[in-house]
Amino acid sequence: MCKNCKKPYYISTAIAYTSGKPHIGNTYEIVLADAIARYKREQGYDVYFQTGTDEHGQKIELKAAEAGITPKEFVDHVAGEIKGIWDLMDTSYDKFIRTTDEYHEKQVQKIFKRLYDQGDIYKSNYEGLYCTPCESFWTASQVVDGKCPDCGRPVQPAKEEAYFFRMSKYAQRLIDHINEHPEFIQPVSRKNEMMNNFLLPGLQDLCVSRTSFKWGIPVDFDPRHVTYVWLDALTNYITGIGYDCDGNHDEMFKKHWPADLHLIGKDIIRFHTIYWPIFLMALDLPLPKQVFGHPWLLQGDGKMSKSKGNVLYADTLVDFFGVDAVRYFVLHEMPFENDGVISWELMVERMNSDLANILGNLVNRTVSMTNKYFGGIVENKGVCEDVDEDLKNTILEAVKKADDKMNKLRVADAITEIFGIFRRSNKYIDETTPWALAKDEEKKDRLATVLYNLTESITIGASLLASFMPKTSEKILAQLNTAKRGLEEMEKFGLYPSGNKVTEKPEILFARMDVNEVLEKVEAMREASAKDAGEDGKEEEENVVDVEKKPEITYEDFAKLQFRIGKIIKCEEVKKSKKLLCSQVKIGSEVKQIVSGIKAWYKPDQMVGKKVMVVTNLKPATLAGILSEGMILCAEDDEGNLSLMTPEKDIKSGSEVC
């Protein structure tokens, strides 16, 4: 830990693109950055936390035209919406930069001119394929079946005059830097991807201006051109803290650059670990210390679509669960490297099990028992048993482990350690049985000691929780009538003031929810959303697939097949195969083992708990040496992507599909 070091720490998120309202997957990044920023402040760092919006580009120009307003009016509205969501999620950013800010635009123009004057930028012509949503150019060899390799959308032929940046000039220097600084790109898998797929094969020069649209920062010495998105957007990390291309930097820039951490989505890792470092080298500036490409938060029932009404927004989730519950979910459910999954069912499960039961019930029981047995007074009578030492050691070890996880940016693992404190405290109640102690007057001091240990454990856990669930932490500590501990204080057990009094009426922190009631409300919300979309004539264009027709069959042929709903209770990879997963599927009262070639689309942990359509009377077969007793049905599109066939509504396992 940083013992009151006050060392500067600069953390930034990617700036959100103002093409529309951010969904919960976009919102995850700002919450993750906030948790890290808050924790660094707890460690004693002088934190500067920057976020903001990326507001230029052809996509914005087109959307504004469709809406019948100017691009500036369009981005003003969306930027306000984004900032509102960031504020709703209780994020503690220090600056919200917009790339339409006057200072930023002027500095981008100066940077462009400087790079041009020193020969890093030159004018030429571009001819290739362009993806408007990604604002990226591609060669014919890079596109996949005529579509963008990043987003999978169609690309369009493009030819225009443009300025280019000489990427190859700095490529070897960047390769050397990455090799010499293994911590620069995290996780390591992202570093390997950048080196093997882009740097080592050789970099192409990068297009840095456009003439086919106007909504961008003009190149002041050649006003037909506007600065292309990445040279504009990426420089926010330095303009936002007072960088001046003429050398008259603000004190904030001198203090905080280079950045300690750029926190970004894995889909834009290339721009931040190749283009951005090379721009900085050309400007003779030090590189950021670390770029972390976090995974994605995916929707549990498929791709988010407005026409389906299944896009999850932070404000909608907050209406159902509250801010801190949503913060907990997105932080806890996201692995370090792999994508996480969000669904209404899983949210309710976490709400009930982790928040209402493990945490909320623990606090409520402890405060209630303290009031019932001692009038709310918490006293340490020092009547200790062996189980107390185990509790204390577990709590203090969890503090150290959580700190270690946070230093490695393993936020989900840190939260698991914190909830380990609450789990151990619940176990301690079962071990010491306070209600039984209360029946024996001679054990009153032992009872007081037990409740003191519980109060102290919760105080430490709640203090540690402050970076992740700040309002919940405040509420818990208020009920215990004590202040938040600093990290150094959390390393000691027994600092809660003996004789202190807890609140008389404990507040319910998290109420249990009925999953069926929640799903009914969600369904009503989706139907209303779909109806609104239909009335407005704004349904998304439906993507369809035509396949080769098979010969007609009779109903008798069809009736030979039995389709039933099964629930996957266990799933494992088939080690001898690159394609197969082996699932244990509960169908009614029996369990069938089914082997499926879906490993490329689903991970085992994503399969568990899903209800799927199963052919149950298929003759058993052996695949990769494993018996398969049926078939899980999937839909396949024209690109070979698979999606499990799942029931629209929650229905009992074993139900027949007819």
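Predicted model: local features only at pLDDT ≥ 70, side-chain atom pairs only at ≥ 80, totals over all residues.
Next I wondered how many residues of helix 1 are buried. I found 16 of the 19, so the helix is mostly covered, taking buried to mean under 20% relative accessible area. Just after helix 1 I came to Gly44, which has a positive phi of about 105°.

**Entry 1: aromatic pairs.** I looked up the ring pairs and found 26 aromatic pairs in the structure. One of them joins Tyr126 and Phe164, whose rings are stacked, with 6.3 Å from centre to centre and 25° between the planes. Where do these two residues lie? Tyr126 is in strand 5 (residues 121-131) and Phe164 is in strand 7 (residues 156-165), so their pairing ties together parts that are 38 residues apart in sequence.

Are the two partners buried or exposed? Tyr126 counts as buried at 12% relative accessibility, and Phe164 is buried too, with a relative accessible area of 8%.

I also traced a cluster linked by ring pairs: Tyr10, Tyr48, Tyr237, Tyr243, Phe253, Trp257 and Trp276.

**Entry 2: lysines over rings.** I found the charged end of Lys21 over the ring of Tyr313, 4.5 Å from the ring's centre. Lys113 lies over the face of Phe221, with 5.9 Å to the ring centre.

Terms used
Residues numbered from 1 in each chain as written. Heavy atoms only, no water. Phe/Tyr/Trp six-rings, centres within 6.5 Å; stacked < 30°, edge-to-face > 60°. Helix = DSSP H or I, 4+ residues; strand = E, 2+ residues; numbered from the N terminus. Buried < 20%, exposed > 50% of the residue type's maximum accessible area, 1.4 Å probe, protein only. Lys NZ or Arg CZ within 6 Å of the ring centre and 35° of its normal.
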